Amino acid sequence: MKAIRLIKSGSLLETQEIAIPPIGLCDVLIQITAAGICHSDVHYRAGVSPVEPLPLTLGHEVAGIVEKVGADVKGFTVGDRVCVHYLVTCAQCLSCQAGTEQFCPAAEMIGKHRDGGYAEFIVVPERNVFRLPDEIPFEQGAILMCSSATSLHALNKARLRSCETVAIFGVGGLGISALQLAEHFGAAEVFAVDINPRKLELAERFGAIPVDASVGNPVARIRELTGGRGVDVALELVGLPVTMRQAVQFVAILGRAALVCLTRETFEIASYSELLNKEAEIIGVSDHLASEIPLLLDLARTAKLDLSQDIIRTVPLEVSAVNRALDRLEEFGDDLRVVITP
Ligand SMILES: [Zn+2]
Ligand SMILES: [Zn+2]
């Protein structure tokens, strides 16, 4: 089968012909119909976040059709529409038993530690497979499994309650899901902070209050918009030290700043005025949980989470198109979400 793979860290992806992987008793072979290209893949290609073993097929946002099932697979049959939870875990260790499987010491992420979705087929254990409702197109099913799932996990970690206010930093693929999910949580007001006018306009279409961070100081602007109070929850979805600090500065008394996106750099805060004095919290967010996926699929099925509007651009399973899409993500271009549709 055709696969687009990272051969050497820091180099462009390349096309390789590889064998369709064999399936074990509890595995499912999926014919891939959609694979999301994620900002994390930019870090993997660049070597900022190590990928091993190489060569490896990238892509952790996968949806498709069941092609074949192992002898012990009970829940799926050939032809089922499915999407894939990207973390393959042992299901037995203390973290897995506690439902915090992202800390499983044996965890392997598809598209980072084992072959992923930039290919025609993928094999995953049955417990990683979720039925994709007919109402959800494959492209949306793919991106639900990363950006939307991470946004939901971030809001859960930030303990957002109804009638609270939220600021979302960065209206990318995560941000668009986050602001709709915040509304589902019953948020009183959702502020969307970005510097890209097109993204701000889209956020406004989803009912958020846009805050253009390229004009003036966004912290002062949020204070002004909230009567000097700040917000209860700030989600940092950019991954820059400056926006991480702003997220902490944005929060009100007893506010929670959830940091989701990656940087290797450190960031500063004024410990007394920005944190202690407010009893504010800084919360780290890593991945998401399999247990969060059913709610997400249900919200998408009933169009409460709408990923249809100008959010997804599709490209073929073709190496130059995929590398170009990664380049554009690296430059923080206009693309919200790019999905490979083989
Ligand atoms: Zn992703
Ligand atoms: Zn485990």
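**The zinc site and beyond**

Modeller: Around the zinc ion (ligand 2), the 4 donor atoms subtend angles of 106 to 116°, which makes the arrangement tetrahedral (for four donors, that takes all angles between 85 and 135 degrees). For reference, the ideal angle for four tetrahedral donors is 109.5 degrees. Some housekeeping: this is a predicted model, where local features need pLDDT of at least 70, side-chain atom pairs count only at pLDDT 80 or more, and totals for chains, interfaces and linings use all residues, while side-chain values use heavy atoms, leaving out hydrogens and water. Residues are numbered from 1 along each chain as its sequence is written, and chains are lettered from A and ligands numbered from 1 in the order written.

So who holds the metal? The SG atoms of Cys-90, Cys-93, Cys-96 and Cys-104 do, at 2.3 to 2.4 Å from the zinc ion (ligand 2). Donors here are N, O and S atoms within 2.8 Å of the metal (3.2 Å for Na, K and Ca), and since water is not among the atoms, sites may look incomplete. Along the chain, the donors of this ion are spaced as C-x2-C-x2-C-x7-C. Cys-93 counts as buried because its relative accessibility is 18%, and Cys-96 counts as buried at 14% (buried is under 20% relative accessible area, exposed over 50%, with a 1.4 Å probe and protein chains only).

Moving on to the packing: the largest nonpolar core has 51 residues, with Leu-179 and Leu-235 making the most contacts inside it. Such a core is a set of buried Ala, Val, Leu, Ile, Met, Phe, Trp, Tyr and Cys residues joined through side-chain atoms within 4.5 Å. Elements that each supply at least two of its residues include helix H3 (138-157), strand S11 (165-169) and helix H4 (173-184); helices (H or I, at least four residues) and strands (E, at least two) are DSSP runs numbered from the N terminus. H3 gives the largest share, 9 residues. Leaving aside residues up to four places away in sequence, Leu-179 touches several others, among them Ile-168, Val-190 and Phe-206 (contact is heavy atoms within 4.5 Å).

The peptide bonds from Glu-52 to Pro-53 and from Leu-54 to Pro-55 are cis, with omega near 0° and near -5°. Pro-53 sits in the loop between helix H1 (39-46) and strand S4 (56-57). Cys-163, in the loop between H3 and S11, has a positive phi near 70° despite not being glycine, and at 62% relative accessibility it counts as exposed.

Key:
Four donors count as tetrahedral if all angles lie between 85 and 135 degrees; four count as square planar and six as octahedral if opposite donors are over 155 degrees apart and all others between 65 and 115; anything else is irregular.
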